[in-house]
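The points are grouped by topic for reading alongside the coordinates.

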Amino acid sequence: MAEIVREVMTAGVAAVRPDASLVEAARLMRDLDIGDVLVADGDRVVGVLTDRDITLRSVAEGADPVGVSAVSACTPDPVCVTPDDSVASAVRLMRTHAVRRLPVVEDGRPLGVVSIGDLAAVQDPGSALAEISLAESNNERS
């Protein structure tokens, strides 16, 4: 069983600048077949933007996704973990802060993301969430 975040995280970073439009962010998500991007100012993570954030925080409110910036719709100041943090610690942080994704950073630089699905795949591989997450990750690689 995996014990540290490095063993379960999704490596690589999909990020947009804080001033990127929601359209830019959505296109990146579409092109990479992912549901979230980090909002980064240089090497510093300032937020996490999900497809749900775009839909519920902006589009459903009538905002123009071309004129709205990623930083204005994202979850700001996300809780982060390091690659050497324990999986148990990541689970506790997700529960405490009611989040599904944690940016993985080292020396302030983003390295990837660990999601609730990543954790389910190692903690409870027979669960429906784990099976869905594993199927999604296999599709992304094909």
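**Structural briefing**

A15 stands opposite L38 in β3. This pair belongs to the parallel pairing of strand β2 (residues 15–16) with β3, which two bridges join. The model is a predicted one. In total, the protein has six helices and seven strands.

**Overall organisation**

- Along the sequence, the secondary structure elements follow the pattern β-β-α-β-β-α-α-β-α-β-β-α-α.
- The protein has 142 residues, and 41% of them count as buried.
- Among contacts with a separation of 6 or more, 54% are between residues 24 or more positions apart.

**Strands and sheet**

- β3 (36–41) is largely enclosed by the rest of the structure, because five of its six residues are buried.
- An open sheet is formed by three strands in the order β1-β7-β6, with antiparallel pairing. Its edge strands are β1 (10–11) and β6, each of which pairs on one side only.
- Six bridges connect β6 with strand β7 (residues 109–115), and the two strands pair in the antiparallel sense.
- Across from R109 in β7 stands E106; β6 itself spans 101–106.

- α4 lies across β6 and β7, and runs at about 130° to β6.
- Within α4, the buried residues include V87, S89, A90, V91 and M94.
- Residues three or four places apart in an α-helix point the same way, because the helix has 3.6 residues a turn.
- V87, A90, V91 and M94 are among the residues of α4 that are buried.
- α4 is followed by A98, which has a positive phi near 50°. A98 is found in the loop between α4 and β6.
- A98 counts as exposed because its relative accessible area is 70%, over the 50% cut-off.

**Positive phi values**

- Most residues other than glycine have a negative phi.
- Where does D33 lie? D33 is located in the loop between α1 (22–32) and β3.

**The second largest pocket**

- The volume of the second largest pocket is about 190 Å³.
- Its lining comprises ten residues, and those nearest the pocket centre are V91, M94, R95, I116 and L119. The elements that give two or more residues to this lining are α4 (87–97) and α5 (116–123).
- Which element gives the most to the lining of the second largest pocket? α5 does, with four residues.
- By residue class, the lining of the second largest pocket divides into seven nonpolar, one polar and two charged residues.
- V91 and M94, which lie nearest the pocket centre together with R95, I116 and L119, are also among the buried residues of α4.

- A20 is buried because its relative accessible area is 1%, under the 20% cut-off.
- Beyond residues up to four places away in sequence, A20 touches V68, S69 and A70.
- The C-alpha atoms of A20 and V68 are separated by 8.2 Å, although the two residues are 48 residues apart along the chain.
- S21 is also buried, with a relative accessible area of 10%. Leaving out residues up to four places away in sequence, S21 touches P65, V66 and V68.
- S58 lies in helix α2 (residues 51–58). With a relative accessible area of 4%, S58 is buried.
- With residues up to four places away in sequence not counted, S58 touches L22, D53, A63, V68 and A73.

Notes: Residues are numbered from 1 along each chain as its sequence is written. This is a predicted model: local features need pLDDT of at least 70, side-chain atom pairs count only at pLDDT 80 or more; totals for chains, interfaces and linings use all residues. Side-chain values use heavy atoms; hydrogens and water are left out. On a 1 Å grid over the protein atoms alone, a cavity is a set of points where a 1.4 Å probe fits but cannot get out, and a pocket is an open set with protein on both sides within 12 Å along at least five of seven lines; lining residues have an atom within 4 Å of a point. Grid points are joined across faces, edges and corners, and a volume is the space filled by probe spheres set on the points. Ala, Val, Leu, Ile, Met, Phe, Trp, Tyr, Cys and Pro count as nonpolar, Asp, Glu, Lys and Arg as charged, and the others, Gly among them, as polar. Buried means under 20% relative accessible area, exposed over 50%, partly exposed in between (1.4 Å probe, protein chains only). Two strands pair if DSSP finds at least two bridges between them. Contact means heavy atoms within 4.5 Å. Axes are lines fitted to C-alpha atoms, for helices over the stretch in contact, and angles run from 0 to 180 degrees between N-to-C directions.
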